[in-house]
Amino acid sequence: MNPIPGLHHVTAIATDPQANADFYVSLLGLRLVKRTVNFDDPTTYHLYYGDEVGAPGTLLTFFPWPGAPRGQRGTGQTTATAFAVPAASLEAWMERLAAAAIEFGAVETRFGERVLPLADPDGLAIELVEQPGAEARSWWRGGPVPERCAIRGFHGATVTEAGYERTAALLTGVMGFERRGEERDRFRFATRDRAPGAILDVVCAPGLRAGRVAAGTVHHIAFRCASDADQSAWQRRLADAEMDVTPVMDRQYFRSIYFREPGGVLFEIATDPPGFTADEAPETLGTALKLPPWLEGRRTYIEERLPPLRAPRPAAAP
Ligand code: ZN
C-alpha cells in the first residue's frame with residue numbers, strides 16, 4: 001500500500017452557483033474543470049475547480065444550494081482550506097482582492113510561511129500561503145491570474161478539534177503523517193511527499209462550540225490513493241483501527257470511501273484514477289453539464305431544475 005501523498009480534494013457548501021463560479025474562476029484564477037450534479041441530490045450542481053486538468057491535490061469542489069442557511073465554524077470541522085502561491089505574491093493578491101472589494105485579513109506568519117486569510121462569497125475560510133517550491137507546480141494558464149501569483153494547488157487544510165490527541169494518533173499512526181511542529185494551539189502534520197496538499201494542521205480549541213456544516217463551511221476533505229487496490233487496503237486498515245468506513249462509492253472521476261476521524265471531521269480517501277478527462281477532452285473541461293451514465297436518462301428533468309450558470313468571465317488584472 002502506497003503512503004498518502006496529500007489531499008485529493010476539499011468539498012464545501014455554497015449558495016449561489018454563479019457567485020461561486022465567478023469568485024473561484026474570475027478572481028482566484030482556478031479552472032472550472034467539471035460541471036456536474038450532486039449524485040445523491042441530482043437537481044443540485046457539483047462544481048469542481050482546479051488546475052488545468054483538475055489534478056488531485058488542486059481540487060476545491062462545491063455543492064451550491066441556493067438559499068441554504070449559513071453554517072457555523074467550530075470544532076469537529078475543517079475550518080480553513082489553504083492554497084499554495086509563489087513567494088512574494090501576497091502583495092499582488094491583496095491588490096487584486098481589494099480591487100474586487102473582497103475583504104481579507106492581515107498577513108500572518110505560520111511555521112515561517114506568510115499566510116493571507118480571506119473569505120469567499122459564502123464566508124468559506126480560504127488562505128493563500130507563500131510556500132517554497134510552489135512556483136514549480138502546475139497552474140491554470142488560461143485563467144486571469146499571472147504566472148508569478150497563480151494558485152499552485154493546495155497547501156493544506158486546517159481542522160479544528162475540541163481535543164487533538166486521538167486525531168493526532170490517527171494521522172501519525174494509521175494514516176502515515178509526520179508531526180512537524182506546533183505553534184500555540186496549532187499542531188502541524190504532513191506527509192513525506194512534496195505533492196500539493198501535503199499539510200494538515202490540527203487546531204486545538206477546547207472552549208469552542210461545535211461547528212455546524214451548511215453554506216460557507218467544508219463538508220469533507222479527501223486524501224489521495226493511487227489505485228483501487230490501495231483503496232481496498234486502506235478500507236481494511238481503517239476498519240482494523242475501528243473506524244466506521246463506508247463501502248466504495250463510484251464518483252465517476254474517482255472512487256471514494258468515507259469515515260469520520262475521532263474528532264468528528266468527515267474524511268474521504270479517493271482514487272487518483274480515472275480523473276476529469278474521463279468524459280471530456282482536456283480543452284473543453286467544465287464547459288458542458290456532465291452526468292454519470294445512471295443519471296443520463298433523467299437529463300431533461302435535471303436540466304430544467306438546475307439554476308442557469310453562464311461561463312465565468314475572467315476579471316481583469318491586477
Ligand atoms: Zn469528496
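The radius of gyration is taken here over C-alpha atoms, and the rule for a globule is 2.2 Å times the number of residues to the power 0.38. For the 318 residues of the chain, a compact globule would therefore have a radius near 20 Å, and the value of 18 Å found in this predicted model agrees with that expectation. Along the principal axes, the C-alpha atoms occupy a box of roughly 45 × 45 × 35 Å.

Six helices and 16 strands form the secondary structure of the chain. Of the 318 residues, 57% are buried. Among contacts with a separation of 6 or more, 67% join residues 24 or more positions apart.

Helix α2 spans residues 90-99, and its buried residues are L90, W93, M94, R96 and L97. Viewed down the axis of α2, these buried residues fall within an arc of 165° and so line one face of the helix. An α-helix has 3.6 residues a turn, so residues three or four places apart point the same way. The partners against which the buried residues of α2 pack comprise a helix, α1 (17-27), and the strands β5 (77-85), β7 (113-119) and β8 (125-130). Just after α2, A101 adopts a positive phi of about 60°.

Notes
Residues numbered from 1 in each chain as written. Predicted model: local features only at pLDDT ≥ 70, side-chain atom pairs only at ≥ 80, totals over all residues. Heavy atoms only, no water. Helix = DSSP H or I, 4+ residues; strand = E, 2+ residues; numbered from the N terminus. Buried < 20%, exposed > 50% of the residue type's maximum accessible area, 1.4 Å probe, protein only. Contact = heavy atoms within 4.5 Å. Arc of directions from axis to C-beta.
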